[in-house]
Amino acid sequence: MSRAQPAEPIPAELVVMVGLPGSGKSTWVAAHLPGHTVVSKDHWPRARHREARQRRVVTALLADGVAVVVDNTSPSPAERAPLVELARTAGVPVRAVFLDVPVDTCRERNDRRTGRARVPLVGLYAAAGRLVPPSADEGFDRVDVLR
Ligand SMILES: Nc1ncnc2c1ncn2[C@@H]1O[C@H](COP(=O)(O)OP(=O)(O)O)[C@@H](O)[C@H]1O
Ligand SMILES: [Mg+2]
């Protein structure tokens, strides 16, 4: 006989996804971090001050001891720095997960999407232009690169 056991509590951490639109971030999060709370500015496409709002949400979740994953493109160190800082302040480990996928592949996948899931090409290439692979020098306790 098998009985569902309560899931092991997930230790608090902050995971920062890094990757171009269409690189597979959201798919990877759903498959590999099912117990993490997903925060993404994409959830509030029309809200004002989305950046500040996201920081407030992440701060509150980390203070509650929740494992959080931020699922935005976060291509540049400047965009990741505030998140690293939030984790440091909360005293929880912070890791980057980088989906290192060629821009042409992302473009092909993007072309196959419909509605709001399809990003304007200029957005894809703007993100590609800002993309700097995440590094431990930015303060990440761990950097995972997936190809
Ligand atoms: N490892 C993969 N191999 C091939 N296609 C993938 C893979 N991961 C995701 N996809 C497809 O690529 C598209 C974009 O994936 P998604 O996870 O939404 O990317 P992102 O969140 O980075 O924009 C989706 O159509 C998805 O089915
Ligand atoms: Mg996504």
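The lining of the largest cavity is made up, by class, of five nonpolar, two polar and one charged residues. Here Ala, Val, Leu, Ile, Met, Phe, Trp, Tyr, Cys and Pro count as nonpolar, Asp, Glu, Lys and Arg as charged, and the others, Gly among them, as polar. This is a predicted model, in which local features need pLDDT of at least 70 and side-chain atom pairs count only at pLDDT 80 or more, while totals for chains, interfaces and linings use all residues. Residues are numbered from 1 along each chain as its sequence is written, chains are lettered from A and ligands numbered from 1 in the order in which they are written, and side-chain values use heavy atoms, with hydrogens and water left out.

Rolling a probe the size of a water molecule over the atoms shows where empty space is left. On a 1 Å grid over the protein atoms alone, a cavity is a set of points where a 1.4 Å probe fits but cannot get out, whereas a pocket is an open set with protein on both sides within 12 Å along at least five of seven lines; lining residues have an atom within 4 Å of a point. Grid points are joined across faces, edges and corners, and a volume is the space filled by probe spheres set on the points.

The count comes to one cavity of 30 Å³ or more. Its lining consists of Gly19, Leu20, Ser23, Phe98, Leu99, Asp100, Val101 and Leu131.

Now for the largest pocket, which holds about 820 Å³ of space. Of its 33 lining residues, Pro21, Asp42, Asn72, Thr73 and Val119 lie nearest the centre. By class, the pocket lining has twelve nonpolar, ten polar and eleven charged residues.

Next, have a look at ligand 1. Around it, with a heavy atom within 4 Å, are Leu20, Pro21, Gly22, Ser23, Gly24, Lys25, Ser26, Thr27, Arg109 and Arg113. This shell has two nonpolar, five polar and three charged residues. Which polar atoms lie 2.8 Å from an oxygen atom of ligand 1? One is a backbone atom of glycine 22, and another is a side-chain atom of lysine 25. Serine 26 places a polar side-chain atom 2.9 Å from an oxygen atom of the ligand.

Leucine 33 and leucine 20 are 13 residues apart in sequence and 19 Å apart in space, C-alpha to C-alpha.

Note on methods: Polar contact = N/O pair within 3.5 Å; in protein donor to acceptor, adjacent residues only side chain to side chain.
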